[in-house]
Amino acid sequence: MFVMTIDQVDSRAHPDAVPQLLERLRDVPVDLPFERTAGDEVQGVLSDPRAVVDAWEASARDGRWTVGIGVGRDGVLTASSRASRGGPFLAAREAVEDAKGDASRVTVSVSPSAAGSDAEAVGADAQSVLRLLSVIIGMRSDAGWRVLDAARARPEATQAELARDLGISRQAVSKALRTNHAHTVDAGLVSAARLLAHTLELCPTGGGADGPVSGTGRTGRDSR
């Protein structure tokens with residue numbers, strides 16, 4: 001399983017953005033829904049690695065979130081993410097704290113049971129891809145996202161058709177797709193998902209029941 005812990009950056013200086021993030025993540029396929037766990041933090045459980053990278057991109061696009069991705073096969077699920085426990089939850093907690101110290105604001109960590117294994121090495125590769133993608137995503141403007149979202153919604157559409165839909169010129173569509181490295185990012189997301197899938201395959205099974213409940217250890221809004 002994959003556990004994503006997503007924490008708002010500098011939340012004391014900005015309004016609570018959790019409701020908007022939860023709405024953005026609403027259509028992401030999950031095993032346990034994203035929910036507020038403590039203050040300005042959101043957590044969810046997923047099994048589809050592509051859904052993980054989609055959720056990461058959705059949170060990364062406005063630059064307000066730090067994302068920790070925990071990977072492991074020794075989690076114990078209950079009715080909600082915040083009440084579940086085990087290795088992937090411990091890894092997600094470690095990951096989100098580590099991500100606060102990196103400009104990309106994303107870290108991938110494996111369950112403690114997989115530490116030192118091939119899973120850890122492949123997880124590091126997935127992390128590297130996401131961190132590189134974060135550089136490109138972080139430079140995108142609202143206007144750029146408007147074109148990119150339209151292109152994803154209608155992959156069969158020509159640039160001229162997208163231009164008509166958006167009320168802009170075909171040249172503007174072409175420039176947005178080119179300068180925002182649309183095809184490169186989409187290919188990178190596919191690669192990241194494959195690496196996350198392989199990371200999970202390499203994680204050992206078993207254990208997990210002794211890990212702390214995922215939502216413990218933090219209350220109130222973050223002081224960063």
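Tutor: Met 4 stands opposite Ile 69, a residue of strand S4. The model is a predicted one, in which local features need pLDDT of at least 70 and side-chain atom pairs count only at pLDDT 80 or more, while totals for chains, interfaces and linings use all residues. Residues are numbered from 1 along each chain as its sequence is written, and side-chain values use heavy atoms, with hydrogens and water left out.

Strand S4 covers residues 65-71. Helices (H or I, at least four residues) and strands (E, at least two) are DSSP runs, numbered from the N terminus. Two strands pair if DSSP finds at least two bridges between them. S4 also pairs with strand S7 (residues 106-110), this time in the parallel sense and over five bridges. One of the links to S7 joins Val 67 to its bridge partner Val 106.

How many residues of S4 are buried? Seven of its seven residues are, so the strand is mostly covered, where buried means under 20% relative accessible area, exposed over 50%, and partly exposed in between (1.4 Å probe, protein chains only). In a regular strand the side chains alternate between the two faces of the sheet. In S4, Trp 65, Val 67, Ile 69 and Val 71 point one way, and Thr 66, Gly 68 and Gly 70 point the other way; all of them are buried.

Next comes a helix that packs on this strand. Buried residues of helix H4 pack against S4 and S7, and also against helices H2 (49-60), H3 (87-99), H5 (142-153) and H8 (182-202); contact here means heavy atoms within 4.5 Å. H4 runs over residues 118-137, and its 20 residues reach 29 Å from first C-alpha to last, close to the 28 Å expected at 1.5 Å a residue. The expected span of a helix is 1.5 Å times one less than its number of residues.

An α-helix has 3.6 residues a turn, so residues three or four places apart point the same way. The buried residues of H4 include Ala 119, Val 122, Gly 123, Ala 126, Leu 130, Leu 133 and Ile 137. At the start of H4, a side-chain oxygen of Ser 117 comes within 3.2 Å of the backbone nitrogen of Ala 119. A polar contact is a pair of N or O atoms within 3.5 Å; within protein, one must be able to donate a hydrogen and the other to accept it, and residues adjacent in sequence count only if both atoms are side-chain atoms.

H2 has twelve residues and reaches 16 Å, close to the 16 Å expected. Ten of the twelve are buried, among them Val 52, Trp 56 and Ala 60.

H5 also has twelve residues and reaches 16 Å from its first C-alpha to its last. Its buried residues are Gly 144, Trp 145, Val 147, Leu 148 and Ala 150, and they pack against H2, H4, H6, H7 and H8. Which residues lie over the face of Trp 145? Arg 61 does, at 3.9 Å from the ring centre, and so does Arg 140, at 4.8 Å. A charge sits over a ring if NZ of Lys or CZ of Arg is within 6 Å of the ring centre and within 35 degrees of the ring normal.

Arg 105 is in the loop between H3 and S7. Most residues other than glycine have a negative phi, and most peptide bonds are trans. Arg 105 is not a glycine, yet has a positive phi of about 60°. Its relative accessibility is 31%, so Arg 105 counts as partly exposed, whereas the residues of S4 are buried.
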